[in-house]
Number of protein chains: 2
Amino acid sequence: MAKHAKEMETLKEHLGKHQLKFTRQRELILDAFLKQEHITAEEMYHQLAKKDPHLGLATIYRTLNLFCEAGLAQARHFGTQTQYDNVSHKGHHDHLICTSCQKIVEFENCDIERLQEEVAAKNGFVIQTHRLELYGLCSRCRH
Amino acid sequence: MAKHAKEMETLKEHLGKHQLKFTRQRELILDAFLKQEHITAEEMYHQLAKKDPHLGLATIYRTLNLFCEAGLAQARHFGTQTQYDNVSHKGHHDHLICTSCQKIVEFENCDIERLQEEVAAKNGFVIQTHRLELYGLCSRCRH
DNA sequence: ATCTTTTTGATATAGCTTATCAATTTCAAC
DNA sequence: GTTGAAATTGATAAGCTATATCAAAAAGAT
């Protein structure tokens, strides 16, 4: 089985539905994208510069946005840049962050996740991923 | 008791600790900031234009960032803009964000908040604020 | 192979935030 | 209340990221 066959199929399906075309660039970018958990357009631009020195930055942005529309990627605004997350990479953890000592504790809670699904469904959304950060004071810093 | 006395005190404490000064502009901006749940620098610029036509946009950005450092505000990157959240505001809401069209839906869920408190308590934390963002596809972008 | 439609690459443009810097203000010391 | 060092402000330039533009190239159906 070819690498990333399933995602490639998802992309082609999306392209077909919207009268879009399957191009060498889209294939190249998808391949690179799926190898990582998340990436910025700029990072990808540099990564692919070796394989295709003429690949334009605008094409990368356009293609990553296309992946979002196809449900393969998720855009997240991080600081001043946009990070594109690979949706097929699962494993998400949430964080408890101490605002005083910056200590970070990871946690996972199925009940919260279930409620998130409910809220999303109520609003017509299908969740791809989420981000939950709880900011507060840890026991040590409270004293 | 004066309006926002507690937050004003927090700000002055922060200023004192860092050899910064208490200015008319900082007081004006804090007062306006605390009246709302969240705001962008641009919005505040227009709001305050009547009260002080000479107040510069750069000062607003600088001051809102100062509030973040003092723990009064929290910066959140939404689309291309930065939104500054009022940490002291109770009626906190979370966000559903479409990864395709960037549409944002606000929601509030007491059950989730209660579970967050439980998780925090279990880890010895006391929550000050939190950030919950659900990323996915809205009903329109799914078709 | 032909022809229509989409895509690409290069660059210009737009939009938000920060950097710069002379003039002004704050505030502690006298 | 003056004085003076240090911080702040306002106006604007500059920096960055992301999108728009458009002629040339590529895709894909016929």
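In what order do the elements of chain A run from the N terminus on? Select chain A of this predicted model and colour it by secondary structure: the run goes α-α-β-α-α-β-β-β-β-α-β. That comes to five helices and six strands.

**Stop 1: chain A as a whole**

Keep chain A selected and zoom out. Its radius of gyration is 19 Å, well over the 15 Å that the globule rule gives for 143 residues, so the chain is more spread out than a compact globule. Along the principal axes, its C-alpha atoms fill a box of roughly 60 × 35 × 30 Å. If you colour by burial, buried residues make up 27% of the 143 in chain A. As for contacts with a separation of 6 or more, 55% of them join residues 24 or more positions apart.

**Stop 2**

You'll see an open sheet of six strands with mixed pairing, in the order β5(A)-β4(A)-β6(A)-β6(B)-β4(B)-β5(B). Which strands stand at the edges? Pick residues 104-107 in chain A and again in chain B: these are the two β5 strands, each with a single partner strand, so one side of each is left without a neighbour in the sheet. Neighbouring strands here are turned by 20° against each other on average, direction ignored.

For a closer look at one pair, select 94-98 and 126-137 in chain A. These are β4 and β6, which pair in the parallel sense over four bridges.

**Stop 3**

**Stop 4: around DNA strand D**

Finally, centre on DNA strand D and show the 25 residues around it; Phe22(A), Thr82(A), Leu20(B), Gly56(B) and Thr59(B) come nearest. Colour this surface by class and you get eight nonpolar, twelve polar and five charged residues.

Which elements supply at least two residues each? Select α4 (57-69) and β3 (81-86) in chain A, then α2 (24-34) and α4 (57-69) in chain B. Of the elements here, α4(B) gives the most, with four residues.

Key: Residues numbered from 1 in each chain as written. Chains lettered and ligands numbered in written order. Predicted model: local features only at pLDDT ≥ 70, side-chain atom pairs only at ≥ 80, totals over all residues. Rg over C-alpha atoms; globule rule 2.2 N^0.38 Å. Buried ≥ 20, exposed ≤ 12 C-beta atoms within 10 Å, placed from the backbone. Contact = placed C-beta atoms within 7 Å. Near = placed C-beta within 6 Å. Nonpolar A, V, L, I, M, F, W, Y, C, P; charged D, E, K, R; others polar. Pairing = 2+ DSSP bridges. Axes fitted to C-alpha atoms, helices over the stretch in contact; angles between N-to-C directions.
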